[in-house]
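Me: I would like to learn how to read a structure. Can you take me through one, feature by feature?

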Amino acid sequence: MSNSKSRTLPLSRRGMNFETLMWYFTRLSALAMYALILFALIGALIMGARNQMNFADVMRWGFMPNSTHVQSTDIPDLAPWATIFWRLTACALLLVASAHGMHGLVVIADDYIPGEGARKIVRLLSIVMLASVAVIGVYVIWTS
């Protein structure tokens, strides 16, 4: 005979801890990535991506709205992509996507690393890698 009593805590007793915040971060960062990609695709379509564009070019516009990524498309008016607004959009997508991905890698690494000290080292290395990628990416976006 099994006991079918639920082992869940009511919302009033759960509280906000780090795990809960990271759970929310994972879901919200994924939604933010979808929103930024959709926003960039709509912007690309409004600015002329319907003409002489293949699927690869449109996807490149969606995932990294940066004027240097679309110079090979034969569309003469790329000036809107070089504005501060679209560079900020590209930076937001870069930062959200890299933070989301790094968090996923840390969660997976935590499952396979038995020692607490080793997990702290992996987390520290992940933070250093995330900061490095973010700085390099933002530099490339703003200097190209």
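Predicted model: local features only at pLDDT ≥ 70, side-chain atom pairs only at ≥ 80, totals over all residues.

Me: How many helices and strands does the protein have?

Reply: Helices (H or I, at least four residues) and strands (E, at least two) are DSSP runs, numbered from the N terminus. Here there are five helices and zero strands.

Me: What share of the residues is buried?

Reply: Buried means under 20% relative accessible area, exposed over 50%, and partly exposed in between (1.4 Å probe, protein chains only). Of the 144 residues, 31% count as buried.

Me: How do I read a single helix?

Reply: Start with its span. The expected value is 1.5 Å times one less than the number of residues. Helix 5 (residues 116–143) has 28 residues and reaches 40 Å from first C-alpha to last, close to the 40 Å expected. Then look for its faces. An α-helix has 3.6 residues a turn, so residues three or four places apart point the same way. In helix 5, the buried residues are R119, S126, A134, G137 and I141. They pack against helix 4 (84–112); contact means heavy atoms within 4.5 Å.

Me: Is S29 buried or exposed?

Reply: S29 counts as buried because its relative accessibility is 4%. S29 sits in helix 2 (residues 18–46). Its side chain reaches the backbone oxygen of T26 at 3.2 Å. Beyond its neighbours within four places in sequence, S29 contacts V96 and H100.

Me: And how is empty space found?

Reply: Rolling a probe the size of a water molecule over the atoms shows where empty space is left. On a 1 Å grid over the protein atoms alone, a pocket is an open set of points where a 1.4 Å probe fits, with protein on both sides within 12 Å along at least five of seven lines; lining residues have an atom within 4 Å of a point. The largest pocket holds about 480 Å³. Its lining has 16 residues, and F18, M22, H103, V106 and R123 are the closest to its centre.

Me: Which helix gives the largest share of that lining?

Reply: Helix 4, with six residues. Helix 2, helix 4 and helix 5 each supply at least two.

Key:
Residues numbered from 1 in each chain as written. Heavy atoms only, no water. Polar contact = N/O pair within 3.5 Å; in protein donor to acceptor, adjacent residues only side chain to side chain. Points joined across faces, edges and corners; volume = space filled by probe spheres on them.
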